[in-house]
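Please study the structure shown below before reading the notes that follow.

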Amino acid sequence: MNTDISSFNQWIEAWNHFYDKEKELVDLDPNAALVSSVSSDGKPNARVILIKDVSQEGFTFYTNYESQKGKELFHNSEGHLTWYSRAQGASIRVQGKVEKINSNLSDEYFSSRDRNAQISASISKQSYDVDSREALDKEFQEFADAHEGKEIKRPDHWGGIIIMPSRVEVWKSRDDYKTRLHDRIVFTQSNDAWIKTRLYP
Ligand SMILES: Cc1cc2nc3c(=O)[nH]c(=O)nc-3n(C[C@H](O)[C@H](O)[C@H](O)COP(=O)(O)O)c2cc1C
């Protein structure tokens, strides 16, 4: 049965509808999405991340602020996220400003993580060259040994990034896939209001 995506009044209703269902349908990484950025010389780049929180404010994921994505997202404070559900034939595209989330929230999330993930986040100079796998493992082990029995604090270079939507597009395939007349509804922020429009597929 076709889902009438034009009946959603807000983008977050659409997100909750598809994401709640995705968690029932997909065991592994239903929260995986692409985050896109543009380098200072105009080259686009995209990579997979895991969405950890979604609210009216936006989509939050965690990463290294000094990674390629960190640098690119913050150089113009604009980011893009694309979530796709193969199981439901749906996609959600989000465009908006990016910000670091409040450091207390990053601390909270960091402390909830597995210790090995805390060590990785602490030692990884994400997106920079590393000499070898052995060098990486050695750095990990040295950090683990040096912090044996101690709490690992969140490093300043690691935390949450929120993409705060100014435009959200919801795409849904129709049952009659072959016509390619799929549904596209866009929510665009205009001052304090959100305008809903339909796009040609
Ligand atoms: C399923 C999956 C989930 C991932 N989740 C994250 C994540 O939440 N945060 C992150 O920094 N990298 C994550 N990665 C790794 C990124 O895709 C990427 O390799 C890394 O962040 C470096 O990207 P950059 O060099 O563009 O900054 C994930 C990769 C995959 C395939």
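**Briefing on the predicted model**

The cover over the buried residues of α2 includes β1, β2, β3, β4, β5 and β6. This is a predicted model, in which local features need pLDDT of at least 70 and side-chain atom pairs count only at pLDDT 80 or more, while totals for chains, interfaces and linings use all residues. Residues are numbered from 1 along each chain as its sequence is written, and side-chain values use heavy atoms, with hydrogens and water left out.

- Helices (H or I, at least four residues) and strands (E, at least two) are DSSP runs, numbered from the N terminus.
- The buried residues in α2 are Lys69, Gly70, Glu72 and Leu73; buried means under 20% relative accessible area, exposed means over 50%, and partly exposed lies in between (1.4 Å probe, protein chains only).
- An α-helix has 3.6 residues a turn, so residues three or four places apart point the same way.
- Serine 67 belongs to the loop between β3 and α2, and this serine 67 counts as buried because its relative accessibility is 1%.
- When neighbours within four places in sequence are left aside, serine 67 is in contact (heavy atoms within 4.5 Å) with Gln126 and Ser127.
- Just after α2, serine 77 adopts a positive phi of about 55°.

**Nonpolar cores**

- A nonpolar core is a set of buried Ala, Val, Leu, Ile, Met, Phe, Trp, Tyr and Cys residues joined through side-chain atoms within 4.5 Å.
- The largest nonpolar core has 28 residues, and those that touch the most other members are Trp15, Phe18, Ile51, Leu81 and Trp83.
- At least two residues of this core come from each of α1 (11-25), β1 (32-38), β2 (44-55), β3 (58-64), β4 (78-85), β5 (90-100), β6 (158-172) and β7 (183-190).
- With six residues, α1 gives the most to this core.
- Beyond its neighbours within four places in sequence, leucine 81 is in contact with Ala33, Leu34, Val35, Ile51, Phe59, Ile92, Arg93, Val94 and Ile163.
- A second, separate core of 11 residues includes Ile119, Ala121, Ile123 and Phe143.

**Pockets**

- On a 1 Å grid over the protein atoms alone, a pocket is an open set of points with protein on both sides within 12 Å along at least five of seven lines, and lining residues have an atom within 4 Å of a point.
- The largest pocket has a volume of about 290 Å³, where a volume is the space filled by probe spheres set on the grid points, which are joined across faces, edges and corners.
- Its lining comprises 16 residues, of which Ile49, Leu50, Tyr62, Thr63 and Gln126 are the closest to the centre of the pocket.
- Two or more lining residues of the largest pocket come from each of β2, β3 and α2 (68-76), and β2 gives the most, with six residues.
- By class, this lining has six nonpolar, six polar and four charged residues; Ala, Val, Leu, Ile, Met, Phe, Trp, Tyr, Cys and Pro count as nonpolar, Asp, Glu, Lys and Arg as charged, and the others, Gly among them, as polar.
- The second largest pocket has a volume of about 180 Å³, and its lining residues include Asp53, Glu57, Tyr62, Glu99, Lys100 and Met164.
- The elements that give two or more residues to the lining of the second largest pocket are β2, β3, β5 and β6.
- The lining of the second largest pocket has five nonpolar, three polar and four charged residues.

**Salt bridges**

- The structure holds 14 salt bridges, each being a side-chain nitrogen of Lys or Arg within 4 Å of a carboxyl oxygen of Asp or Glu.
- Glutamate 169 and arginine 93 form a salt bridge through their side chains (3.6 Å, N to O).
- This pair links distant parts of the chain, with glutamate 169 in strand β6 and arginine 93 in strand β5, 76 residues apart.
- Glutamate 169 is buried, since its relative accessible area is 1%, whereas arginine 93 is partly exposed, at 35%.
- Glutamate 169 also forms a salt bridge with arginine 167, with the closest N and O atoms 3.9 Å apart; arginine 167 is partly exposed, at 26% relative accessibility.
- Arginine 198 and aspartate 183 form another salt bridge, in which the closest N and O atoms are 2.7 Å apart.
- That pair also joins distant parts of the chain, arginine 198 lying in strand β8 (residues 193-198) and aspartate 183 in strand β7, 15 residues apart.
- Arginine 198 is partly exposed, with a relative accessible area of 48%, and aspartate 183 is buried, at 7% relative accessibility.
- Salt bridges that share partners join Arg93, Arg167, Glu169 and Arg184 into one network.

Notes: On a 1 Å grid over the protein atoms alone, a cavity is a set of points where a 1.4 Å probe fits but cannot get out, and a pocket is an open set with protein on both sides within 12 Å along at least five of seven lines; lining residues have an atom within 4 Å of a point.
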